Structure formats: structure tokens, C-alpha cells
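Open the model in your viewer and keep the sequence panel beside it. This tour tells you what to select at each stop and what is there.

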Amino acid sequence: MILHSLDGFPTEVVQLIEGSEIESLSITRLRYRAAPWDLLLGKFQKGTVTVAGDAMHVMGPFLGQGGSVALEDAIVLARCLSNKLVNTVDHLLTSEREMMRTMDMHEVGEAMDQYVKERRMRVVQLSTQAYLIGRLVKFACNIFTVVLFRNPTNHTR
């Protein structure tokens with residue numbers, strides 16, 4: 001079906017699609033979280049996989065906090081992982097510490113779970129604030145548009 005719709009595309013694109021293995025495709029349900037209450041109900045971690053940064057908290061530009069919140073995420077995630085590693089290493093003998101280079105997957109999952117618990121309320125607070133400010137900005141823009149441009153087709157004349 002896709003190959004039939006590629007008439008006029010460069011041959012490299014057609015060859016790329018022809019050479020793709022169907023098993024390698026990942027069809028995931030992408031979803032935009034428009035409201036902050038989705039953050040309260042969402043699950044952001046499964047096993048040793050978690051989402052962070054904008055994947056966890058999509059925010060409008062109204063607070064200018066998207067980048068700094070993503071940096072906060074990185075710091076909290078690193079702290080959760082290092083705390084779990086330190087707790088694991090503390091009970092080992094010196095010779096065992098040298099041999100231990102990685103945490104087991106269960107401990108990584110626990111660290112990810114702790115990260116999500118720590119970040120959830122901070123992200124809900126900021127997202128709610130950005131959401132409400134965005135709603136106010138949208139409302140104000142609609143009012144200005146109605147007041148200043150009473151005839152919406154006037155610009156086409």
C-alpha cells in the first residue's frame with residue numbers, strides 16, 4: 001500500500017521502504033496529554049524503562065520552564081539511581097565492590113519507580129499552572145480578535 005503511494009519519490013526512499021523488515025516496525029499509540037490531570041493518572045514507568053523531560057510533561061511555553069524542568073528530571077533520576085547503587089554497594093565487602101559494576105534490573109526498576117514518585121507532584125503543579133495560563137492567553141487572544149477584527153473575512157478584500 002505504501003509503495004503504491006510513493007510515485008514521484010526518489011528511488012532511495014522507495015528502496016529504503018522495500019528493504020525494511022516489517023518486524024522492525026514499532027507501532028505505538030502516541031498521545032498528546034492536553035490536561036495536567038493526565039499526569040496524575042498516567043503511568044510513566046514500567047520495569048527499567050521510564051519517560052523523562054518533555055515526554056513526561058508536555059508544557060506550553062507560557063512559563064518558560066520546559067528546559068529547566070527537564071534538567072530537574074535528569075538530576076532527580078541520577079540521584080535515584082546513585083542512591084540505589086550506594087545502598088546496594090554499602091553492604092558488600094571491598095572485594096565484592098570492585099567486582100560489582102552494574103545494578104541488577106530489579107534495583108534499576110525500583111530507582112525508576114522512586115524517580116516517578118518524586119517528580120509527579122512537581123510536574124503536576126507546573127503543568128497545571130502552564131495549562132491555566134495557556135487557557136487565559138487563548139481566551140484573551142479570542143477577545144482581542146473579536147474586538148479588533150469584527151469582520152473575519154475583511155482581510156481577503
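## The whole chain

Along the sequence, the protein follows the pattern α-α-β-β-α-α-α. There are five helices and two strands. Helices (H or I, at least four residues) and strands (E, at least two) are DSSP runs, numbered from the N terminus.

The model is predicted: local features need pLDDT of at least 70, side-chain atom pairs count only at pLDDT 80 or more, and totals for chains, interfaces and linings use all residues. Residues are numbered from 1 along each chain as its sequence is written, and side-chain values use heavy atoms, with hydrogens and water left out.

Show the surface. The protein exposes about 12000 Å², and carbon and sulfur atoms supply 62% of it. Accessible areas come from the Shrake-Rupley method with a 1.4 Å probe; for residues, only the protein chains shown count as cover.

Of the 157 residues, 23% count as buried. Buried means under 20% relative accessible area, exposed over 50%, and partly exposed in between (1.4 Å probe, protein chains only).

Now turn to contacts, meaning heavy atoms within 4.5 Å. Take those between residues at least 6 apart in sequence: 67% of them join residues at least 24 apart.

## Stop one: the core

Select Leu39, Phe44, Cys80 and Tyr115. In the largest nonpolar core, which has 13 residues, these have the most contacts. Which elements give two or more residues to this core? They are helix H3 (66-90) and helix H5 (105-148). H5 supplies the largest share, seven residues.

A nonpolar core is a set of buried Ala, Val, Leu, Ile, Met, Phe, Trp, Tyr and Cys residues joined through side-chain atoms within 4.5 Å. In soluble globular proteins, nonpolar side chains tend to be buried together.

## Stop two: a strand residue

Select Gln45. Gln45 is found in strand E1 (residues 45-46). Is Gln45 buried or exposed? Gln45 counts as buried because its relative accessibility is 11%.

Follow the side chain of Gln45 to the backbone oxygen of Gly109, at 3.2 Å. This is a polar contact: a pair of N or O atoms within 3.5 Å, where within protein one must be able to donate a hydrogen and the other to accept it, and residues adjacent in sequence count only if both atoms are side-chain atoms. Leaving out residues up to four places away in sequence, Gln45 touches Thr50, Gly109, Met112, Asp113 and Val116.

## Stop three: salt bridges

Next, pick out the charged pairs. A salt bridge is a side-chain nitrogen of Lys or Arg within 4 Å of a carboxyl oxygen of Asp or Glu. How many salt bridges are there by this rule? The count comes to six.

Start with Glu72 and Arg122, whose side chains meet in a salt bridge (2.9 Å, N to O). Glu72 lies in helix H3 and Arg122 in helix H5, so the pair ties together parts that are 50 residues apart in sequence. Glu72 is partly exposed at 23% relative accessibility. Arg122 is partly exposed too, at 28%.

Move to Arg119 and Asp73. Their side chains form a salt bridge (2.5 Å, N to O). This pair also links distant parts of the chain: Arg119 sits in helix H5 and Asp73 in helix H3, 46 residues apart. Both residues are buried, with Arg119 at a relative accessible area of 4%.

Stay on Arg119. Neighbours within four places in sequence aside, Arg119 is in contact with Met56, Val69, Glu72, Asp73 and Val76. Now select Glu72, Asp73, Arg119 and Arg122 together: they are linked in a network of salt bridges.

Then select Lys84 and Glu110, a salt bridge at 2.6 Å, N to O. Lys84 lies in helix H3 and Glu110 in helix H5, so the pair ties together parts that are 26 residues apart in sequence. Lys84 is partly exposed at 22% relative accessible area. Glu110 is partly exposed at 32%.

## Stop four: Leu85

Select Leu85, in helix H3. Leu85 is partly exposed, with a relative accessible area of 33%.

## Last stop: a surface patch

Select Phe139, Ile143, Phe144, Val147, Leu148 and Phe149. They make a nonpolar surface patch of about 670 Å². Patches are made of residues with over 30% relative accessible area and no salt bridge: like charges are joined within 9 Å, nonpolar side chains (Val, Leu, Ile, Met, Phe, Trp, Tyr) within 5 Å. Finish on Val147, in helix H5. Val147 is partly exposed, at 48% relative accessible area.
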